[in-house]
Each structure stands twice: as structure tokens, then as C-alpha cells.
Amino acid sequence: MPSLTDPLQSLKGIGSQLSEKLAKLNLFTLGDLLRHYPHRWEDRSRFPRIADVRPGDSVTLRGIVIATTTRYTRARLSITEALLDDDGSAIKLIWINQPFMERTFRALATARTPIVVYGQVKRDSFSGSSYIYEIQNPEWEEIGEDTDNLSTNRIVPIYPATEGIRQGRLRKLIFATLQTYREEIEDCLPPRVILNHRLVGARNAVENIHFPESEPALIAARYRLVFEEFFVLQTLLALRRRENCHDVQGIQFKVSLEELNAQIAQIVPFQLTRAQQRAIAEIAQNISTGRAMNRLVQGDVGSGKTMVALGAMLMAVQNGYQAALMAPTEILAQQHTLGLERLLEPLGIKVEVALGSLTAKQKLALRERLLSGETQVVVGTHALIQEGMDFARLGMVIIDEQHRFGVLQRQALARKGTRPHLLVMTATPIPRTLTMTLYGDLDVSVLDELPPGRKPIKTHWRTPDKRSLVYSATQKLIEEGRQAYIVCSLVEESEKLQAKSATQLAEHIAKSVFPQYRVGLLHGQMKALEKETIMAQFKARELDILVATTVIEVGIDVPNASVIIIEDADRFGLAQLHQLRGRVGRGEHASYCILVSDPKTADGQARMEIMTETQDGFRIAEEDLRLRGPGEFFGTRQSGMPEFAIADIFQDMAILQETRETAFELVERDPELARPEHQPLSKAIDRLKERIGQVHVS
Ligand code: ADP
Ligand code: MG
């Protein structure tokens with residue numbers, strides 16, 4: 001029996017060498033191959049004439065290469081050109097600094113092999129001639145004879161990165177798989193959903209996504225597959241949510257909001273914002289129902305999420321339970337511990353910190369105090385879960401900066417003890433539009449208001465040659481009593497190199513730039529105690545300048561620091577830059593963020609421009625997603641979020657909404673997916689879970 005779960009090698013023409021290459025694309029079975037969707041399509045049923053194209057057009061052209069040259073500019077760039085001709089008109093194909101292209105194209109010219117090129121037409125930029133246009137860095141493909149008409153005379157699929165497998169080869173493999181295994185394609189969508197939403201069937205969709213009969217057939221196929229992808233995810237979330245709401249018995253807390261607010265007012269030196277109060281009230285409401293809480297608190301950097309956590313902890317402690325707060329970094333865990341100690345110990349609540357770096361003896365003692373219930377609040381990094389802390393009565397779990405943990409990890413901790421209430425807190429990196437996709441199984445509280453009196457952070461982008469001006473402006477601020485962060489450039493290769501680069505920068509700053517000031521250094525390779533000491537000194541104003549790596553990226557709170565200089569800012573992603581910038585502007589002082597960079601790419605420039613234009617974290621997150629694409633945005637490994645195979649969060653937002661409603665309705669009607677017509681869906685969900693799981697483990 002042929003099956004789509006068969007390994008690739010069961011297809012004629014796929015040997016071990018090819019299957020290894022395909023494995024690099026994460027393709028292992030024939031089903032995987034069919035789910036390897038094109039990322040765009042070219043209509044090669046007719047080609048425009050080269051004579052008719054105009055600058056600005058994105059075109060697919062067919063022709064023969066008639067000449068090639070490579071020359072060098074004064075700036076030592078190599079420019080390789082090939083002339084593509086279709087019956088008398090020609091266009092230039094150009095590659096910069098890829099002299100090896102000349103050999104390839106000379107061979108094509110000699111053999112007179114027809115090729116197809118794709119790209120955007122521009123005016124000639126180098127020789128200044130005005131009668132010939134050019135395409136820089138075109139995508140191209142030999143089409144040769146193409147007897148089976150997979151690569152010409154039709155709408156042709158173009159696949160994403162192919163790791164040394166030619167497009168034509170991939171088309172042939174997928175076409176062959178479709179021919180043999182067509183009947184094995186199962187429709188995971190329930191018939192009723194297909195009917196109500198006027199979707200095409202799975203077979204039709206898979207065939208037309210790869211080899212569209214026509215443009216409308218392609219559009220219908222894509223719609224169907226996007227729908228399917230979102231629908232399966234939303235059904236999974238609906239199932240989880242139902243489980244959260246209905247089945248899981250939680251601990252019932254009694255909360256008097258009035259008393260709680262009075263208590264907070266007694267220990268906190270400011271008034272809570274309305275948004276903070278609302279979030280706390282929503283939590284109180286949630287945990288007095290007897291069902292386990294699953295709530296997300298979403299608020300931009302500096303919106304005061306810690307106070308919401310404080311409220312939730314107090315609720316637990318007053319009911320005789322313990323609370324645990326997890327942070328993504330040791331530094332942040334330490335900062336939370338210090339802050340909470342100061343606030344809570346006057347109330348007689350014992351706060352402790354659990355870090356990976358505690359000695360065995362310390363860990364043992366801590367474990368005992370947690371088991372006996374003596375320690376009511378514990379703060380830690382995720383070492384907290386990994387080392388299996390046991391609690392006497394854990395009632396509230398709070399995860400700070402959720403986007404740094406796997407989505408699944410939040411459940412690992414929630415499983416400890418008797419299903420404690422769960423609160424996850426996240427700053428922006430999730431655009432509004434995505435919240436429900438990622439956290440559709442949680443209730444959401446939004447902190448849409450900053451504490452009063454914040455001044456906007458003035459953000460400037462400066463090229464490295466202006467660095468001395470940046471330093472003298474910084475000096476002025478320090479003279480006024482403020483403090484500064486200097487973030488060293490990002491070294492992705494290794495933590496060690498990153499630490500070295502931070503150390504060198506700190507030395508340089510202390511010796512040659514600001515010998516008159518007290519300069520501290522903070523990086524990820526330092527011991528927990530060292531980090532703690534440095535942070536404490538900076539907080540106590542015993543240091544004027546802190547040179548640091550991205551360890552300060554999340555959560556660090558020193559309101560007197562009013563300027564952050566970010567070296568080689570274009571190496572950082574937008575979300576990261578926004579988080580870093582969030583280290584300043586946390587008090588009443590006017591604050592500055594200086595991006596020092598000379599971006600080499602358009603992308604890098606765009607990031608600098610967005611940063612100087614807006615401070616709205618939600619907008620930045622959306623731009624980030626747009627620039628990077630969702631796969632990278634979630635950072636597959638960290639988020640546990642599956643990459644979408646075909647759906648595009650922005651383009652397909654309406655479909656996302658549609659699937660969400662449909663999926664939640666379906667789960668309402670058949671909460672166990674027990675009906676026979678829901679079996680294929682149930683299997684698809686298992687596959688998705690497995691995929692999320694795999695992503696998470698790796
Ligand atoms: P987040 O975690 O959301 O980035 P924090 O909880 O660290 O923000 O709070 C940022 C800063 O604002 C802290 O210095 C905190 O003490 C202060 N803060 C929080 N809430 C208020 C408020 N209601 N009024 C004034 N300051 C506040
Ligand atoms: Mg925070």
C-alpha cells in the first residue's frame with residue numbers, strides 16, 4: 001500500500017544523495033514533499049517581449065544569452081554582465097561581486113540554451129546608456145527542452161531555498177509524487193466546514209498549489225491551504241482553552257479588591273495606573289471562580305507589569321499559598337528579588353531567589369524552605385523548572401517576559417503541584433494581530449497606558465564618525481547627575497567573544513573616553529554574584545556608566561539612567577532595539593537613545609529609520625514581522641511556534657479570524673473531536689502537536 005508517510009526514497013528517482021539534500025529542507029516523507037509549497041508562481045504561458053518592458057516592472061523573460069563580460073570599477077567592485085536576447089531586443093543581466101557568474105553564463109551562451117529570468121527592470125546604472133535596461137541579480141533558470149512542460153507553457157511554481165536542488169528537478173519530483181499518490185491525500189477538514197466556507201477539496205488544492213490549471217484555481221487552492229493551516233492551529237488552541245476553562249479544577253481564592261488595593265497603596269510609593277488596576281481586578285475575578293487561571297498580561301516596556309505580578313502574588317499569599325516568578329535572565333531574577341523583598345518583607349512575606357548558580361547546599365536549604373512553606377515567594381530563572389523545585393502549596397505561577405520561553409514551557413511549570421494559577425507577562429514583541437494566534441488559549445489583560453509623567457525617549461541615529469559628538473552629549477547628561485548605558489556590538493558567534501568585546505569596549509571607555517567617570521561592565525559570562533554586585537552598584541549610582549551586552553535587554557530598571565548608546569545598532573533586530581531602548585525613559589528625566597551605526601543593507605537602514613520614527617512597541621513589532629517574516633520572528637526554537645507553511649499573518653488575517661470562530665464553534669459542539677467526521681482533523685492536530693514538540697525539544 002503506497003502511503004504519504006513513506007520515506008522519500010520510495011519514489012523512483014530519489015536516491016540516498018538526493019534524499020540527504022531533501023532532508024536539509026526538512027523533507028523526509030512524500031507527504032512532506034507535497035507540503036513543500038511554492039513561495040511564488042510565474043506565468044510562463046506567455047512572456048512579455050523584452051522590447052516592451054519598462055523600468056520598475058517585475059518581469060519574467062525568456063531568451064538566449066548572447067554575450068558576457070566582467071569588469072572592475074575604481075572602487076574594486078566586479079561587475080559581471082550578460083546580455084539576454086529574444087529575437088532582436090536585449091536586456092542586461094547584472095551581478096556585482098560575483099565574477100564566477102561569467103563562466104556559467106558563457107557556457108549558456110555557447111550552448112544557446114534558452115533560460116528564463118525573473119527580476120525587476122531598472123535603467124542602466126553603470127554605463128549610463130539609455131537604450132538598454134537591466135535586471136540586477138536576477139533569479140534565473142535553464143529551461144532547455146522541457147518536454148513535460150513543467151517549467152514552461154504554464155503557471156510554474158517557484159520553490160523557496162532549495163539547497164543545491166534545481167527548481168526543475170523539484171518540480172519533477174513533486175509532479176511524480178502527485179501522479180502516484182494523489183488518492184492518498186486525505187482531507188483533514190470536516191465536510192461541513194468545506195461546504196460552509198466554499199473551500200476546494202484537499203486533493204484539488206495540493207495539485208493546484210504546485211501546478212495550477214489557471215490563476216483562479218491557484219487562488220482557490222491557496223485559500224484552502226491557508227484556511228487549513230490556521231484552522232488546525234485554532235482548533236488546537238480551542239481544545240486547550242476548553243480544557244483550561246472547563247475541566248481543570250483550580251484553587252479557589254478569596255480576594256477582597258479593596259483590601260488588596262489598600263495593601264498595595266501601603267507598600268508602593270505611587271498610584272497604580274488604571275490599566276494596572278484593571279489587570280489586577282481581572283486576575284482577582286479569574287481566580288475566585290474555582291477554575292484555574294490562564295492569563296496573559298501584555299504591556300509595552302515600562303508599562304509596569306511588575307506591579308500586576310505583585311498584586312497576583314499578594315492574592316496567593318493572603319490565601320495561604322506560595323507564588324513563583326520566573327524571569328528569563330539571572331540579572332532580571334535578581335532585580336525582581338531585590339524589588340519584591342523591599343516591598344513584601346515589611347508585610348512579613350519571605351522572598352527568595354532560586355538561580356542555576358546556587359551551590360548544592362544552598363539549593364537544598366531553599367528546597368526545604370519551599371517544601372515546608374516557610375518561603376512564600378520565590379523568584380528564579382527557568383532553572384527553577386529544570387531542577388524540579390517542589391512546593392508545599394504553590395498557588396500562583398508568574399512567567400515574566402514570556403516571549404523568551406517556549407510556549408510549551410509555560411505548561412511544564414503549570415503542571416507542578418495542584419494546577420496553580422498561571423499568569424504570563426510579555427512586552428511587545430507580539431503584535432496585536434498575533435496575540436490571539438499565539439495565545440488563543442489564554443485570557444488577555446492589556447496594559448495600554450504608561451505610568452504618568454513619562455517623557456518620550458529621543459532617539460537619534462548617528463554614524464560612527466560622529467561618535468565623539470555622542471560622547472560629549474553623554475558627558476553633559478552625566479554632569480547633570482544622570483547615568484548611561486553603552487551597549488557593545490552584537491557578536492553572534494559565541495558568548496565568549498561577546499564577553500571579550502564588551503570587556504574591550506569597557507576598557508576603552510574607562511581609559512580613553514571617560515577617565516573621569518566610574519565605568520562598570522556587565523556580560524553573560526560573569527558569575528551571578530558579580531552581576532548582582534555590578535547591578536546593585538549601578539542602581540545605587542556608584543557607577544556612572546554601564547558597558548553591557550544584551551544581558552540588559554529585558555526588564556532592567558534603573559530610572560536614573562537616561563541615555564543608552566547602542567553600538568553597531570544595525571546588527572540588532574527591531575524587537576531587541578526596542579527592548580534595549582526601554583531601559584531608559586523609566587523615570588521623570590528626559591531620555592535619549594543613540595543608535596551608532598552605518599548599515600550596509602537596506603534592511604538595516606529601515607530598522608534605524610523605524611526606531612527614530614516611533615516608540616510604539618506594537619508598531620515596531622509589526623514592522624519587525626514585516627521585515628523578517630513570521631518564521632524568524634518567532635525564532636522557531638525559542639517560541640515553540642510552528643512556522644506557517646503557506647499562510648502569511650498579514651495578508652491572510654481575515655482568514656485567521658474566520659478560522660478562529662469556526663474552530664471554536666466546532667470544539668463547542670464536539671469537545672473531544674469524537675465524531676467520525678472529525679477523525680482526520682484530530683489526526684492533523686496530533687501531527688501539529690508533534691511538530692511543536694519537536695521544535696521545542698531541539
Ligand atoms: P515593565 O516590566 O512593564 O517593563 P516595570 O514593571 O519594570 O515595567 O515598571 C517600569 C518602571 O515604572 C519601574 O521603575 C516602576 O517602579 C515604575 N512604575 C510602575 N508602575 C508605576 C505607576 N503606576 N506609577 C509610577 N511609576 C510606576
Ligand atoms: Mg518587566
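Glu330 and Lys531 are both buried, a word used here for under 20% relative accessible area, with exposed meaning over 50% and partly exposed in between (1.4 Å probe, protein chains only). The two form a salt bridge, their closest N and O atoms being 3.7 Å apart; the term stands for a side-chain nitrogen of Lys or Arg within 4 Å of a carboxyl oxygen of Asp or Glu. Glu330 sits in helix α11 (residues 330-344) and Lys531 in helix α18 (residues 528-539), 201 residues apart. Helices are DSSP runs of H or I with at least four residues, strands are E runs of at least two, and both are numbered from the N terminus.

A word on the model itself: it is predicted, so local features need pLDDT of at least 70 and side-chain atom pairs count only at pLDDT 80 or more, while totals for chains, interfaces and linings use all residues. Residues are numbered from 1 along each chain as its sequence is written, and side-chain values use heavy atoms, leaving out hydrogens and water.

The structure holds 33 salt bridges. Another of them pairs Asp557 with Arg586, with the closest N and O atoms 2.5 Å apart. Asp557 lies in the loop between β19 (545-548) and β20 (561-567), and Arg586 in the loop between α19 (574-581) and β21 (591-596), so this pair ties together parts that are 29 residues apart in sequence. Asp557 is partly exposed, at 25% relative accessibility, whereas Arg586 is buried at 16%.

Next, look at Arg571 and Asp568, whose side chains meet in a salt bridge (3.9 Å, N to O). Elsewhere, Arg40, Glu42, Arg44, Glu139, Glu141 and Arg171 are joined into one network by salt bridges that share partners.

Definitions and conventions
Chains lettered and ligands numbered in written order.
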